[in-house]
Amino acid sequence: MDIIANKCSGKGNGAKCLAAAESYLAERGIAYTVHETHCTGHGKALAAELSRKGSETIVALGGDGTFHEVLNGIDFSKSRLGLIPAGRGNDFAIGTRAASLDPVRAIADIVRGEPKELDYIDIGDKRCLNVGGTGLDVEVLLKTAKSKNKLTYVASLFRCLLNYKPYRVEVTANGETSTYDCIMTGVCNGTQIGGGIKLSPVSKADDGKLDVIIMEKPKRVPTVFVMPKFVKGKHMDKPYTKHIVCESVKITTPAPVQLDGEIYYGLDFDARIVKGGVKTFATAE
């Protein structure tokens, strides 16, 4: 077993989760090797190298960003992916219950070895596990990354909305093309982003479908007033929300794109679901 660990994730939670997982494995005499990440992209490179060498089980320990990197490096024809959530938000694990938030239970599920398959999203030449989006979510991620006082995602969301202007996107799905003036567009495999904002509460990570959520600017009230519903997932039946279920979608926008919270510039937002593409482990919960 190989563990790709981001010990700095979750303000040090990664180091605590790694210690708990190592203790569990050592007590049972289970062989493992830890590979610590040290910079952006290192998780991807480690996963690719470990798969190439024939590692049967590669465990990603960290937040959604670490999961994203390992997902983009692993070769599922050779390796199976274990997940130990250790970030601040852990949106994919919480929203899909793909892994326990308790690191001991998470590593126990991996050791137990019951196979399970989940979907992922191909977007351009990248893989996305949870949600790919453009618009306000990218703006919020940029603000939180630059913030000196470490604004939370929700706090930054409300602040950005005060001056955010809608932008135009062209969406092609199920043989139809439409344009929208929106505040954000999300292509969802998981249900939530930003540490608990329920962007797509209806999503399932194993149904072979994408849920495209398009949030337009409300016509009768300031956008900031509808955000509490958006945060709680109560926006799906509102007139400013467009929900498209499909297997592939092309979104034309000049704006940058975020995949699992990682921002990409110049990436073609051409997405398709890969059903059962993630070879992982079932949880006992």
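Author: The residues lining the largest cavity divide into six nonpolar, three polar and one charged, where Ala, Val, Leu, Ile, Met, Phe, Trp, Tyr, Cys and Pro count as nonpolar, Asp, Glu, Lys and Arg as charged, and the others, Gly among them, as polar. This is a predicted model, in which local features need pLDDT of at least 70 and side-chain atom pairs count only at pLDDT 80 or more, while totals for chains, interfaces and linings use all residues. Residues are numbered from 1 along each chain as its sequence is written, and side-chain values use heavy atoms, with hydrogens and water left out.

Reader: Which element gives the most to the lining of the largest cavity?

Author: With three residues, the element that gives the most is α5.

Reader: Within what arc do the buried residues of α2 fall?

Author: In helix α2 (residues 42-52), the residues Gly43, Leu46, Ala47, Leu50 and Ser51 are buried, a word that means under 20% relative accessible area, with exposed over 50% and partly exposed in between (1.4 Å probe, protein chains only). They line one face of the helix, because the directions from the helix axis to their C-beta atoms, seen down the axis of α2, fall within an arc of 130°.

Reader: How far apart are the closest N and O atoms of Asp181 and Arg168?

Author: Asp181 is partly exposed, with a relative accessible area of 37%, whereas Arg168 counts as exposed at 52%. The two form a salt bridge, that is, a side-chain nitrogen of Lys or Arg within 4 Å of a carboxyl oxygen of Asp or Glu. In this pair the closest N and O atoms are apart by 2.9 Å.

Reader: How many residues apart in sequence are the parts that Lys209 and Glu247 tie together?

Author: Lys209 forms a salt bridge with Glu247, with 3.3 Å between the closest N and O atoms. Since Lys209 lies in the loop between β9 and β10 (210-216) and Glu247 in the loop between β11 (241-246) and β12 (248-252), the pair ties together parts whose separation in sequence is 38 residues.

Methods. Helix = DSSP H or I, 4+ residues; strand = E, 2+ residues; numbered from the N terminus.
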